[in-house]
Amino acid sequence: MTAFSYLCEHIYKKESTVEKEFDKVELAKSVSMLWDPLTDEQRELFAENISVRDLSRGEVLFKASSTPTHLYYLIRGKITMHREGVAGQQIVRMVEPRSIFGYAAAIEGVDYRSTAIAGNDTTVLQIPISLMFHFIWENSDFAMLFLKELSSLLGISVERTMSLTQKHIRGRLADALLQMKKKYGVEDDGQTLAVYLSREDLAQMSNMTTSNAIRTLSSFAQEGLIAIEGRKIKFVNVDELQVISDRG
């Protein structure tokens, strides 16, 4: 267990089904990417105004067409961002722990275009959008954080678009698996993906039908590239998966 995980599990004083009472200062300090750029006065405001929310699997954090009210930081669990398309809902982003999200629409001045849904048991930190803008206007280092984050998201979006439009089914699925390994890591055995993915999630991420995702996963397992145990996926031959992804 990392020091961050230990802190998140032990700073709470009382649990409820939606929000928790916690030591705000200690939690605020643990979110270093947001805490470090702030001045002492801003840190006091930050700690006073954060809140924590727990979500169950499948619970909606915010919906498309709703007005942004908070900047979010994923403490633990998984958040998938869905957008409605011609063929139904499509996963456009999977948020990994220790990442901020839900702010781009506010900066653009529009309503959310995507719906954020929790996967597994999930805990998020919430910061009011008004406070985020207050810090951005007052603190150039804090503002630079968001410029870097938005630039990174743009680069990831371009790479994903190229993957989905230029790669064949095997290459797309191999790429999706490797991206999940990079985002969420593996369990203590060094092989098992540290997040559970439904076949539907993998299919949407790879821009294919669920049946094709299942068949391709089975093919990877038969070739000894991965091992499948229910919803658990174990990486057996990462190098070969990378070769398949690179070749497309």
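Contact here means heavy atoms within 4.5 Å. With that in hand, we can walk through this structure, which is a predicted model.

Helix H4 covers residues 40-49, and its buried residues are Gln42, Phe46 and Ala47. They span an arc of only 135 degrees around the axis, so they sit on the same side of H4. An α-helix has 3.6 residues a turn, so residues three or four places apart point the same way. Asp40 and Glu41 are exposed on the other side of H4. What do the buried residues of H4 pack against? Their partners are helix H2 (24-30), helix H3 (32-35), strand E8 (115-128) and helix H6 (129-138).

**Aromatic pairs**

A pair of aromatic rings is described by the distance of the centres and the angle of the planes. The whole structure holds eight aromatic pairs. Two of them are set out below.

| Pair | Centre to centre | Angle between planes | Type |
|---|---|---|---|
| Tryptophan 35 and phenylalanine 46 | 6.3 Å | 55 degrees | tilted |
| Tyrosine 103 and phenylalanine 146 | 5.2 Å | 75 degrees | edge-to-face |

Tryptophan 35 lies in helix H3 and phenylalanine 46 in helix H4, so their pair ties together parts that are 11 residues apart in sequence. Both tryptophan 35 and phenylalanine 46 are buried.

The pair of tyrosine 103 and phenylalanine 146 counts as edge-to-face because its planes stand at 75 degrees, and the cut-off for that type is over 60. This pair links distant parts of the chain, 43 residues apart. Tyrosine 103 is in the loop between strand E7 (100-101) and helix H5 (104-108), while phenylalanine 146 is in helix H7 (residues 140-166). Both tyrosine 103 and phenylalanine 146 are buried.

**Tyrosine 72**

Tyrosine 72 belongs to strand E5 (residues 70-85). Is tyrosine 72 buried or exposed? Its relative accessible area is 3%, and buried means under 20%, so tyrosine 72 is buried. Together with Phe62, Phe101 and Tyr112, Tyr72 forms one aromatic cluster. Beyond its neighbours within four places in sequence, tyrosine 72 is in contact with several residues, including Leu61, Ser99, Gly102, Val124 and Gln126. Tyrosine 72 and isoleucine 129 are 57 residues apart along the chain, yet their C-alpha atoms are separated by 9.4 Å.

**The nonpolar cores**

In soluble globular proteins, nonpolar side chains tend to be buried together. The largest nonpolar core of this model has 27 residues. Which of them touch the most other members? They are Leu34, Phe46, Leu71, Leu125, Met132 and Phe146. H2, H3, H4, E5, E8, H6 and H7 each supply at least two residues of this core. The largest share, six residues, comes from H6.

Leucine 34 shows how such a member is placed. Leaving aside neighbours within four places in sequence, leucine 34 is in contact with Phe46, Leu71, Ile100, Ile127, Phe142 and Leu145. A second, separate core has 25 residues, among them Leu178, Leu193, Ala203 and Ala213.

**Serine 198**

Where is serine 198? Serine 198 lies in the loop between helix H8 (169-184) and helix H9 (199-205). This residue is buried, with a relative accessible area of 14%. A polar atom of the serine 198 side chain lies 3.0 Å from the backbone nitrogen of aspartate 201. Leaving aside neighbours within four places in sequence, serine 198 is in contact with Arg57 and Arg231.

Notes
Residues are numbered from 1 along each chain as its sequence is written. This is a predicted model: local features need pLDDT of at least 70, side-chain atom pairs count only at pLDDT 80 or more; totals for chains, interfaces and linings use all residues. Side-chain values use heavy atoms; hydrogens and water are left out. Helices (H or I, at least four residues) and strands (E, at least two) are DSSP runs, numbered from the N terminus. Buried means under 20% relative accessible area, exposed over 50%, partly exposed in between (1.4 Å probe, protein chains only). The arc is that of the directions from the helix axis to the C-beta atoms. A polar contact is a pair of N or O atoms within 3.5 Å; within protein, one must be able to donate a hydrogen and the other to accept it, and residues adjacent in sequence count only if both atoms are side-chain atoms. Rings of Phe, Tyr and Trp (its six-membered ring) pair if their centres lie within 6.5 Å; planes under 30 degrees apart count as stacked, over 60 as edge-to-face and the rest as tilted. A nonpolar core is a set of buried Ala, Val, Leu, Ile, Met, Phe, Trp, Tyr and Cys residues joined through side-chain atoms within 4.5 Å.
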